[in-house]
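Me: Please take a close look at one part of this structure for me. I'd like a single connected walk-through, from the surface to the surroundings of that part.

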Amino acid sequence: MKKTLSFITVISSLFISSQTFAKEGVYVGADFVTSNAQYKYVATAQTSTSQRRVDGTDVGAGLTIGYKKSFDGIFVAPEVFYDYLNSSSKDYYYNNPRFKQDSLELRSRYGAKVNLGYDFTDNFSGYATYGLAAVDHVDNFPTIPNSQGKWKTSAIYGLGAILNFNDNWAFKAEFNSQRFNIPYSYDAGVTSKVRLNTLKTGLVYKF
């Protein structure tokens with residue numbers, strides 16, 4: 001009888017612990033953001049597509065606010081976020097000394113997405129994410145000068161994982177990707193096809 005009661009006590013404590021670590025509610029996160037922006041130069045007015053490509057890897061920071069709702073281990077967590085991307089890549093004409101100061105920039109983005117995941121253990125969760133994000137892009141041409149900046153909105157999707165330290169603090173890692181087309185300011189009729197890959201790592205505080 002004592003062994004049975006001890007077993008029930010242990011199982012109950014584990015259940016309570018699980019509910020604590022995977023608790024529902026509002027959370028905020030601060031992220032270290034590593035981004036890789038890949039650009040492809042596409043001359044739509046020509047019969048063939050130019051294969052000029054440039055890319056750049058940079059670091060920035062981000063903030064997230066979300067709300068987690070659980071259903072027997074499965075959870076849904078809508079989020080809003082802001083990322084300071086600080087992304088700057090060489091212009092397509094970087095081999096020309098005249099244009100070596102020119103750059104293609106993704107300065108920041110904001111958006112909303114939904115995480116759909118599962119609490120595998122008391123301390124570990126995984127999820128898939130999907131949503132929309134608006135990116136502030138700038139073709140920075142100080143040699144002309146002819147800098148132009150606009151916002152572009154596209155789908156954002158990826159995978160993430162959460163490691164809970166206790167009932168309030170957790171470590172979160174997420175890889176996400178965006179693809180979008182933007183006009184290339186220097187050459188009329190030319191489009192930049194952009195793929196933005198981002199790795200976000202940081203801390204989450206659960207209220």
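**The nonpolar patch and its neighbourhood**

Reply: Phe71, Ile74, Leu116, Tyr118, Phe120, Phe124, Leu163, Phe165, Trp169, Phe171 and Leu203 together make a nonpolar surface patch of about 1,100 Å² (nonpolar side chains, meaning Val, Leu, Ile, Met, Phe, Trp or Tyr, joined within 5 Å, from residues with over 30% relative accessible area and no salt bridge; areas by Shrake-Rupley with a 1.4 Å probe, only the protein chains shown counting as cover for residues; a salt bridge being a Lys or Arg side-chain nitrogen within 4 Å of an Asp or Glu carboxyl oxygen). The model is predicted, so to speak of local features requires pLDDT of at least 70 and of side-chain atom pairs 80 or more, while totals for chains, interfaces and linings use all residues. Numbering starts from 1 along each chain as its sequence is written, and side-chain values use heavy atoms, without hydrogens or water.

At least two patch residues each come from strand S4 (103-119) and strand S7 (169-183) (strands are DSSP E runs of at least two residues, helices H or I runs of at least four, numbered from the N terminus). Phe71 lies in strand S2, residues 53-71, and is partly exposed at 47% relative accessible area (between the limits for buried, under 20%, and exposed, over 50%).

S2 and S3 run antiparallel over 9 bridges (pairing needs at least two DSSP bridges), and Gly62 has Asp83 of S3 as its bridge partner. With S1 (residues 25-43), S2 pairs in the antiparallel sense over 16 bridges, and there Ala30 stands opposite Leu63 of S2.

S3 (residues 74-90) also holds Glu79, which is buried at 4% relative accessibility. The Glu79 side chain makes polar contacts of 3.0 Å with Asn115 and 2.5 Å with Lys172 (N or O pairs within 3.5 Å, one able to donate a hydrogen and the other to accept it; sequence-adjacent residues count only if both atoms are side-chain atoms). Leaving aside residues up to four places away in sequence, Glu79 touches Tyr27, Thr64, Ile65, Gly66, Gly111, Ala112, Lys113, Asn115 and Lys172 (heavy atoms within 4.5 Å).

Buried residues account for 42% of its 207 residues. Of the contacts between residues at least 6 apart in sequence, 65% join residues at least 24 apart. The protein exposes about 11,300 Å², with 61% supplied by carbon and sulfur atoms.

Definitions and conventions: Patches are made of residues with over 30% relative accessible area and no salt bridge: like charges are joined within 9 Å, nonpolar side chains (Val, Leu, Ile, Met, Phe, Trp, Tyr) within 5 Å. Buried means under 20% relative accessible area, exposed over 50%, partly exposed in between (1.4 Å probe, protein chains only).
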